[in-house]
Amino acid sequence: MDRRNFVRMGLAVGGAATLARTESTFAANKPGPGGILDTGVQQQQELMAANKLTSHSLTSQYLARINSIDKAGPRINAIIEINPEALKIAREMDRERLARRVRGPLHGIPVLLKDNIATADRMSTTAGSLALAGVRAAKDSHVAAQLRAAGAVIIGKTNLSEWANMRSTHSVSGWSARGGLTRNPYSLDRNCSGSSSGSGAAIAAGLATLAVGTETDGSIVSPASICGLVGIKPTIGLVSRSGIIPIAHSQDTAGPMARNVADAAFMLSVMAGADANDPITQDGAGKVSDYAKALDKNALQGKRLGIARNFFGGSDAIDAEMEKALAALKSLGAELIDVKVPNTEKYGDSETEVLLYEFKSDLAAYLKNYAPDAQVKNMADLIAFNKRNAQLELPYFGQEYLERSEAKEGLDSQAYIEALANNRRYSREEGIDQVLKEHRLDALIAPTDGPAWLTDFINGDHYGRSFSSPAAVAGYPHVTVPAGHVQGLPVGLSFVGTAFSEASLIGMAYAYEQATMARRAPQFRASVSLAVK
């Protein structure tokens with residue numbers, strides 16, 4: 001269903017209906033095993049159009065679930081702050097619907113934002129750091145403004161790996177000094193990966209319909225894969241970076257995290273677009289699409305997919321799940337070709353160098369423009385704050401990346417310029433684009449990540465093999481979709497393409513998802529036994 005049909009559906013609601021009558025019928029309408037809260041945009045909009053659900057009642061139910069399983073019960077701890085104006089906004093969206101004004105597919109839909117995305121409201125924007133606790137952004141990020149204009153109800157912010165996991169070489173994903181540790185809904189003793197840990201856990205647990213994550217390298221697709229979700233990391237330039245607490249402008253982007261491909265497509269359509277405050281979005285001018293139009297169950301027919309075999313081999317169990325996925329792709333009409341993504345070993349060190357250079361510069365710019373009243377103004381101030389508050393900020397790991405970033409020179413440094421050029425050369429023209437052209441491929445596929453690891457505050461994260469870096473360094477799109485489970489823990493299948501190929505990737509991911517329906521809702525188990533060879 002495309003955006004136009006959603007609008008028509010919403011306008012079909014009779015103006016004589018009252019909000020009270022709509023809310024009274026909510027309890028009788030619980031599609032799906034988990035009820036309305038575990039469904040998606042289309043089902044929720046259909047109920048609102050049929051006068052059986054309101055945004056206010058839907059938002060209320062999500063807030064109640066947050067109280068019952070995020071702050072109590074299994075205590076997922078995905079939500080760092082609730083928007084005190086959420087119900088007011090939801091009520092206003094209901095009034096607009098009754099007045100026959102429906103803004104689009106996200107009208108009245110509850111959404112969560114990662115806590116590094118600026119919102120000019122009563123919520124703080126902190127990147128999980130106590131240095132920014134209580135600091136309200138001077139203005140909305142472009143992403144937040146786009147969502148508000150589309151009628152989405154921003155109900156809160158999600159926890160994250162502090163400073164988007166660019167603080168320490170021994171960090172624990174999903175932990176921040178402000179928010180504590182987010183736990184994996186599939187196994188509470190395991191990690192959600194990061195840095196969009198809270199966004200991943202929240203949507204997996206059914207705490208909102210949709211969430212926004214951000215990625216520099218893996219921070220959308222990894223927690224999406226590990227939490228059994230769809231995640232889209234867009235091409236750099238498709239979605240504005242303005243108002244997002246940065247790591248590095250050459251790789252940073254926001255993107256949707258959802259329980260199904262259609263929901264992610266609806267959200268990306270809203271998030272994408274030109275922004276005068278982010279000149280690189282001009283690169284995407286004319287390339288933004290209504291991605292709902294790409295939702296085609298036959299999209300894999302005739303597609304040539306490169307199996308990136310140098311990203312297999314993480315474990316026999318994961319590879320076994322991927323072989324099932326490959327069989328499904330072939331049965332859906334795709335032609336599969338074994339390939340190797342070239343030169344991936346040539347930009348590991350230079351990627352880190354670029355991130356360190358850009359972090360120092362980009363953070364100072366963000367603080368000046370979006371948090372002018374914050375007690376920290378730059379990287380040096382942040383480092384000093386953490387040292388003064390070491391018991392709260394540094395109890396488990398240090399701030400080596402912050403210190404290394406502070407030691408860097410400016411972006412006119414020859415070392416920076418050469419590292420950035422190296423990244424682009426080997427990830428783009430002599431990387432993804434080379435293998436796509438050589439084999440006439442529509443996309444590359446590989447396992448996104450391994451399953452969730454045990455959270456370890458002593459040794460830090462235990463990352464396995466990951467397919468995130470090629471697309472991240474290139475600034476190219478990456479879509480992950482649930483593909484199976486290893487002893488109950490989700491694993492995802494990645495689709496990666498060249499710049500601005502989102503529509504094609506979304507179509508292929510949708511066709512695969514609809515044929516396999518591999519996602520299973522979490523059971524909030526305390527632990528699982530995992531034996532990976």
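Begin with the whole chain selected: of its contacts (heavy atoms within 4.5 Å) with a separation of 6 or more, 77% are between residues 24 or more positions apart. The model is predicted, so local features need pLDDT of at least 70 and side-chain atom pairs pLDDT 80 or more, while totals for chains, interfaces and linings use all residues. Residues are numbered from 1 along each chain as its sequence is written, and side-chain values use heavy atoms, without hydrogens or water.

Next, colour by secondary structure. The chain has 17 helices and 13 strands, which are DSSP runs numbered from the N terminus (helices H or I, at least four residues; strands E, at least two). Its radius of gyration, 22 Å, is close to the 24 Å that the globule rule gives for 533 residues, so the chain is as compact as a globular protein of that length. That radius is taken over C-alpha atoms, and the rule is 2.2 Å times the number of residues to the power 0.38. Of the 533 residues, 62% count as buried (under 20% relative accessible area, 1.4 Å probe, protein chains only).

Now select residues 316-331, helix 10. Its 16 residues reach 23 Å from first C-alpha to last, close to the 22 Å expected at 1.5 Å a residue, where the expected span is 1.5 Å times one less than the number of residues. Show side chains: among the buried residues of helix 10 are Ile 318, Met 322, Ala 325 and Leu 329.

Conventions: Buried means under 20% relative accessible area, exposed over 50%, partly exposed in between (1.4 Å probe, protein chains only).
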